[in-house]
Amino acid sequence: MSGDIVGRDKFIIQTVMGSKARGAIRLEEDFFIASDEDNSTLLRKLKDGKTNGLTKTRAITSKLNSLKIIFQLNKSEEGKRILADIYENLLTCISKVTMPMEDGELLKYKSDDIFSQFPALISKYEDIIEIDEAFLEGLLYIATSNCAIRWKVE
């Protein structure tokens, strides 16, 4: 027998699950929230990223809704530590998408690239606290107001 054998290549897709959080590992009991009461920093960054008006309105609404939850969590010391933990892990998840950017350069990825990181974060904390993508989206916009995230078209 001679000839080429076709179909021998196998692709194995392995899903890597992050470890579940059993409690907050952060020692600090709070994270910094920039005052940005008028959302000028947030809106400026979204404008620089050439986002549309609907996105800007959604960002402000999401941020305000998450702030309500943050105020509830801040009523207990454990809630403050969990919140700080979630915030730091959110920034870490986002850095997986944004790390290649040069220092000081603005950033814009498709929302899907950033939001695709949310389910793993939700799963990580599901045994400790109930959070959802809407809360994480608001936390993302709080991070934007805090100057942790910048946006750019390209």
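Guide: Helix H1 (residues 40-48) packs against H6 at an angle of about 95 degrees, and the two axes lie 8 Å apart. Helices here are DSSP runs of H or I with at least four residues, strands are runs of E with at least two, and both are numbered from the N terminus. Axes are lines fitted to C-alpha atoms, for helices over the stretch in contact, and angles run from 0 to 180 degrees between N-to-C directions. H1 and H6 are therefore roughly perpendicular to each other (65 to 115 degrees; under 35 is roughly parallel, over 145 roughly antiparallel and the rest oblique).

The model is predicted: local features need pLDDT of at least 70 and side-chain atom pairs pLDDT 80 or more, while totals for chains, interfaces and linings use all residues. Residues are numbered from 1 along each chain as its sequence is written, and side-chain values use heavy atoms, with hydrogens and water left out.

At the contact itself, H1 contributes Thr41, Leu42, Lys45 and Leu46, which meet Tyr141, Thr144 and Ser145 of H6 (contact means heavy atoms within 4.5 Å). This contact comprises 3 nonpolar, 3 polar and 1 charged residue (nonpolar: Ala, Val, Leu, Ile, Met, Phe, Trp, Tyr, Cys and Pro; charged: Asp, Glu, Lys and Arg; polar: the others, Gly among them).

Thr41, which lies in helix H1, is buried at a relative accessible area of 17% (buried is under 20%, exposed over 50% and partly exposed in between, with a 1.4 Å probe and protein chains only). Leaving aside neighbours within four places in sequence, Thr41 is in contact with Asp36, Thr144, Ser145 and Cys147. The C-alpha atoms of Thr41 and Asn146 are 8.2 Å apart, although the two residues are separated by 105 places in sequence.

Leu43 is also placed in helix H1, but at 28% relative accessibility Leu43 counts as partly exposed. With neighbours within four places again set aside, the contacts of Leu43 are Asp38, Lys56 and Ile60. Between the C-alpha atoms of Leu43 and Lys56, 13 residues apart along the chain, the distance is 6.6 Å.

The segment before H1 contains Asn39. This residue is not a glycine, yet Asn39 has a positive phi of about 60 degrees. Most residues other than glycine have a negative phi. Asn39 is buried, with a relative accessible area of 8%.

H6 has a further partner. Helix H2 (residues 53-73) packs against H6 (residues 133-145) at about 105 degrees, with the axes 7 Å apart, and H2 and H6 are therefore roughly perpendicular to each other. On the H2 side the contact involves Thr55, Arg58, Ala59, Ser62, Lys63, Ser66, Leu67, Ile69 and Ile70; on the H6 side, Ala134, Phe135, Glu137, Gly138, Leu139, Tyr141, Ile142 and Ser145. By class, the residues of this contact are 9 nonpolar, 5 polar and 3 charged.

The largest nonpolar core has 22 residues, of which Ile70, Ile86, Ile129, Ile131, Phe135, Leu136 and Leu139 touch the most other members (a nonpolar core is a set of buried Ala, Val, Leu, Ile, Met, Phe, Trp, Tyr and Cys residues joined through side-chain atoms within 4.5 Å). At least two residues of this core come from each of H2, helix H3 (77-98), helix H5 (118-125) and H6. Beyond four places in sequence, Ile86 touches Leu121, Tyr125, Ile129, Ile131, Phe135, Leu136 and Leu139.

Ser111, in helix H4 (residues 111-115), is partly exposed at 39% relative accessibility. Its C-alpha atom lies 10.0 Å from that of Glu137, 26 residues away along the chain.

Buried residues account for 36% of its 154 residues. Of the contacts between residues at least 6 apart in sequence, 78% join residues at least 24 apart.
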